[in-house]
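Hello,

Here is the structure I promised to hand over. Please have a look, then read my notes below.

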Amino acid sequence: MIAKLAGHVGVAVFGLISFALVVLAVIIIDRLTGFNIFSFSFWVIIPAGALFTGAAAASGYYFGSLFFQTRPTWFLLVQILIVTAAAQLIIYYGEYRSLVLNDGTMASDVIGFRDYLDTYLRSMHLRAGRGAHIDTGEVGDFGYWLAVIDFVGFIVGGISVYLILQNYPSCWKCNRYLRKLTKLGQMFPDHAEFGRYYDTLFQHPVDSEHFADLMKSNPKIRKPSLDTVMIGSDLLGCTHCKTQLLTQKVQILGKKGWNDIPKLTRHVRLPDGVDLRPVVKPA
Ligand SMILES: [Zn+2]
């Protein structure tokens, strides 16, 4: 109970640190270069900068959760939402407090934050076209909509961190995150040969000789060509109860490169006491 609570506090601290660092970085970069990462967008409506900074601001929650072995709860989502929402205001406020006017006076000495923000949002310029050479002039009221779009992007960036954490493989017995132990790549020249391997592998007990032979089989392929199938196996393990999980992902070489085949991805829980580290390892 105490350990769990300490974990949640640790995660919150990591999250606040990453959030503070990202906000600081955005403000400093904006002051030094005039480039505001936060409000950078593609085609006006895709808030790439906000998505990116939102995810970066929430990254402390991600690493904190893995570090403290704390699975995300609804409370973590609430924290991420509050922190990302606050970050947008703090970015605006930080820029306001650090803005020096041409005559050397601090902007904050002559104008209130609300008036500053109103002017700031209305006087943003949209730039379009290659190299941003078309300037639409001041955006006026539309600046508020741009702020809303950035806000949504920022929140989505933060939520995506939460979702990644939720889907991070974890031990089904002790609810801890699994660590990657070993990995192995295998290639097959065509679908038929791959199919024989893929369909029969788990028909053998995972601790059998047949299974080990199949995992080590690696038809010689000097140069992958069209339709070569690659299967990547990751062995993950729980540091606490030593339970293992075998994950396999499949890719096929197409004309434009390797294509993932997500529907062939499989996660297989291994029986207690089975250690596949000697089997799942690079040849
Ligand atoms: Zn476990």
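Are α1 and α3 roughly parallel or roughly perpendicular to each other? They are roughly parallel, a term for angles under 35 degrees, with 65 to 115 counting as roughly perpendicular.

Some ground rules. This is a predicted model, where local features need pLDDT of at least 70, side-chain atom pairs count only at pLDDT 80 or more, and totals for chains, interfaces and linings use all residues. Residues are numbered from 1 along each chain as its sequence is written, and side-chain values use heavy atoms, without hydrogens and water.

Back to the helices. α1 spans residues 2-33 and α3 residues 74-98. They pack at about 25 degrees, with axes 10 Å apart. Their crossing is right-handed. Residues in contact (heavy atoms within 4.5 Å) include Leu16, Phe19 and Val23 of α1 and Val83, Ala87 and Ile90 of α3.

Next, the zinc ion. Its protein donors (N, O and S atoms within 2.8 Å of the metal) are the SG atoms of Cys171, Cys174, Cys238 and Cys241. They lie 2.0 to 2.4 Å from the zinc ion. The site is tetrahedral, with angles of 105 to 114 degrees among the four donor atoms; the term requires all angles between 85 and 135 degrees. Along the chain, the donor spacing is C-x2-C-x63-C-x2-C. Cysteine 171 sits in the loop between α6 and β3, and cysteine 241 in the loop between β4 and β5, 70 residues apart.

Cysteine 171 is buried at 2% relative accessibility, buried meaning under 20%. Cysteine 241 is partly exposed at 28%, that is, between buried and exposed, which is over 50%.

Best wishes

Key. Donors are N, O and S atoms within 2.8 Å of the metal (3.2 Å for Na, K and Ca); water is not among the atoms, so sites may look incomplete. Four donors count as tetrahedral if all angles lie between 85 and 135 degrees; four count as square planar and six as octahedral if opposite donors are over 155 degrees apart and all others between 65 and 115; anything else is irregular. Helices (H or I, at least four residues) and strands (E, at least two) are DSSP runs, numbered from the N terminus. Buried means under 20% relative accessible area, exposed over 50%, partly exposed in between (1.4 Å probe, protein chains only). Axes are lines fitted to C-alpha atoms, for helices over the stretch in contact, and angles run from 0 to 180 degrees between N-to-C directions. Angles under 35 degrees count as roughly parallel, over 145 as roughly antiparallel, 65 to 115 as roughly perpendicular and the rest as oblique. A crossing is left-handed if the near helix is turned anticlockwise from the far one by less than a right angle, and right-handed if clockwise.
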